[in-house]
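Student: I have a model open and want to learn how to read it. Can we go through it feature by feature?

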Amino acid sequence: MRSFLGRDILSLQDFERHEYFRVFEVAALLEPYARDRRNGDLLKHKTLVTAFYQPSTRTRLATEAAMHRLGGHVTGFSDAKMTRAGDFYQESIQDTFKMLEYYGDVIAIRHFQQGAPAEAAEHVSVPIINCGDGWGEHPTQVITDLLTIYREKGTLDGLTWILIGDMRMRTMHSITYALSKFDVKAYVISPPEMSLTDEHKTRITDMGLRWEEKEHIDQVIGEADVIYMEPVVQPDYTKSREEVPDQKGLTPANYQVTRKLLFEKAKPDSIVLHSLPRQDELLPDVDKTRHQRYWVEAYNGVLSRMALLALILGAVE
Ligand code: CP
């Protein structure tokens, strides 16, 4: 097996099936720190640097919480405007990361430019974790998603997925790469202007993913074991930040999951995942249904990042 030690986590295109299971094993090993809310000292000699050029609630804080749970140290920024990359100087990724590499042992980056984490990795000797790059990828979110399904279903094979929402989203790119490593079927549902690019369709087909486009969730919800959601009302992920507009659109029923729909048409044991934040595609009345697992992900997101940090920094083999 390829070692995780010192490895960049930039994309799930090259993440192998057995590597997901290794991350899940280590997550289970380290779970007592999170479950018992008692920080350990496994990474007490290590420092995580977080470089977030785009807003985040879950990804940055779960990664930082994971480092704290393992006794490590955390430094970094969550508002690039207060760094030289965000003022008069517009300091380049190359120059910024040549500094950051000496401030810690692993760097977690979120950026509005697709490919920024890969560019950063070219200039530093410490591992880089991609925490979301433009419309590109979001590997740690999807590792968390698969961990959640594995813990719930006991397998990642033999499942039917619905991927619904804006298919330009970085999570959607990473989840299609990840699912190509397993024996699954994926139904893809999005507005035409938010569909997968032809290039991406060819790539995932070549990678072995069985997938099919549908127009309305009504057509396939009865077959789904997992309903994986993103908004269709959302900001432009190539911008560093977007303020709330005067008027937001509403989500058409094709791309909406409601309590009524789940009750009337879904398999009783189907699971709804959403990387969050949400708009009206997923109303709060779904939260109290048996299908909801997106809040469990707040916990699993710490487990997955503890496992990745421990593996990358060599605290476990
Ligand atoms: N799931 C996710 O990426 O959430 P944040 O934008 O809050 O990090």
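Tutor: Start with one residue. Ser 190 has 13% relative accessibility, so it counts as buried. Keep in mind that this is a predicted model.

Student: Where does Ser 190 sit?

Tutor: Ser 190 is in the loop between strand S6 (184–189) and helix H7 (198–206).

Student: Which residues is Ser 190 in contact with?

Tutor: Set aside the neighbours within four places in sequence. Ser 190 is then in contact with Gly 165, Met 167, Ser 195, Lys 214 and Tyr 255.

Student: Let's step back. How is the protein divided into domains?

Tutor: The domain assignment gives domain 1 (17–138 + 298–312) and domain 2 (139–294). Note that domain 1 is written as two stretches of sequence, 17–138 and 298–312.

Student: How many residues does each domain bring to the contact?

Tutor: Domain 1 brings 32 residues and domain 2 brings 36. Together they bury about 2900 Å². Carbon and sulfur atoms carry 59% of that area. The C-alpha centres of the two domains are 24 Å apart.

Student: Now the largest pocket. Where does it lie relative to the domains?

Tutor: Look at who supplies the lining. Domain 1 and domain 2 both give residues to it, so the largest pocket lies between them.

Student: How much space is in the largest pocket, and how many residues line it?

Tutor: The largest pocket holds about 800 Å³ of space. Its lining has 33 residues. Nearest its centre are Pro 55, Gln 234, Pro 235, Tyr 237 and Pro 277.

Student: Which helices supply at least two residues each to the lining?

Tutor: Helix H2 (58–69) does, and so does helix H6 (170–179).

Student: Let's look at H6, then. What is the general idea for a helix?

Tutor: An α-helix has 3.6 residues a turn, so residues three or four places apart point the same way.

Student: How many residues of H6 are buried?

Tutor: The count is 10 of the 10, so H6 is largely enclosed by the rest of the structure. The buried residues include Arg 170, His 173 and Tyr 177. Met 172, Ile 175 and Leu 179 are also among them.

Student: What about Ser 180: buried or exposed?

Tutor: Ser 180 counts as buried because its relative accessibility is 9%. The cut-off for buried is under 20%. Ser 180 is in the loop between H6 and S6. Not counting residues up to four places away in sequence, Ser 180 touches Met 207 and Leu 209.

Student: How far is Ser 180 from Trp 135?

Tutor: In sequence, Ser 180 and Trp 135 are 45 residues apart. In space, they are 19 Å apart, C-alpha to C-alpha.

Student: Which peptide bond here is cis?

Tutor: The bond from Leu 276 to Pro 277 is cis, with omega near 5 degrees. Pro 277 lies in the loop between strand S9 (271–274) and helix H9 (296–312). Recall that Pro 277 is one of the residues nearest the centre of the largest pocket.

Student: What is phi at Leu 276?

Tutor: Phi of Leu 276 is near 65 degrees, a positive value in a residue other than glycine. Leu 276 also counts as buried, because its relative accessibility is 12%.

Student: And what is phi at Arg 37?

Tutor: Arg 37 has a positive phi of about 55 degrees, although it is not a glycine. Arg 37 is in the loop between helix H1 (17–35) and strand S1 (47–52). At 67% relative accessibility, Arg 37 counts as exposed.

Student: Last one. Is Leu 5 buried or exposed?

Tutor: Leu 5 counts as exposed, at 57% relative accessibility. Leu 5 lies in the segment before H1. Leaving aside neighbours within four places in sequence, Leu 5 is in contact with Leu 311, Ile 312, Leu 313 and Gly 314.

Notes:
Residues are numbered from 1 along each chain as its sequence is written. This is a predicted model: local features need pLDDT of at least 70, side-chain atom pairs count only at pLDDT 80 or more; totals for chains, interfaces and linings use all residues. Side-chain values use heavy atoms; hydrogens and water are left out. Helices (H or I, at least four residues) and strands (E, at least two) are DSSP runs, numbered from the N terminus. Buried means under 20% relative accessible area, exposed over 50%, partly exposed in between (1.4 Å probe, protein chains only). Contact means heavy atoms within 4.5 Å. On a 1 Å grid over the protein atoms alone, a cavity is a set of points where a 1.4 Å probe fits but cannot get out, and a pocket is an open set with protein on both sides within 12 Å along at least five of seven lines; lining residues have an atom within 4 Å of a point. Grid points are joined across faces, edges and corners, and a volume is the space filled by probe spheres set on the points. Domain bounds come from an automatic or database domain assignment. Buried area is the accessible area (1.4 Å probe) that two parts lose on being put together, summed over both.
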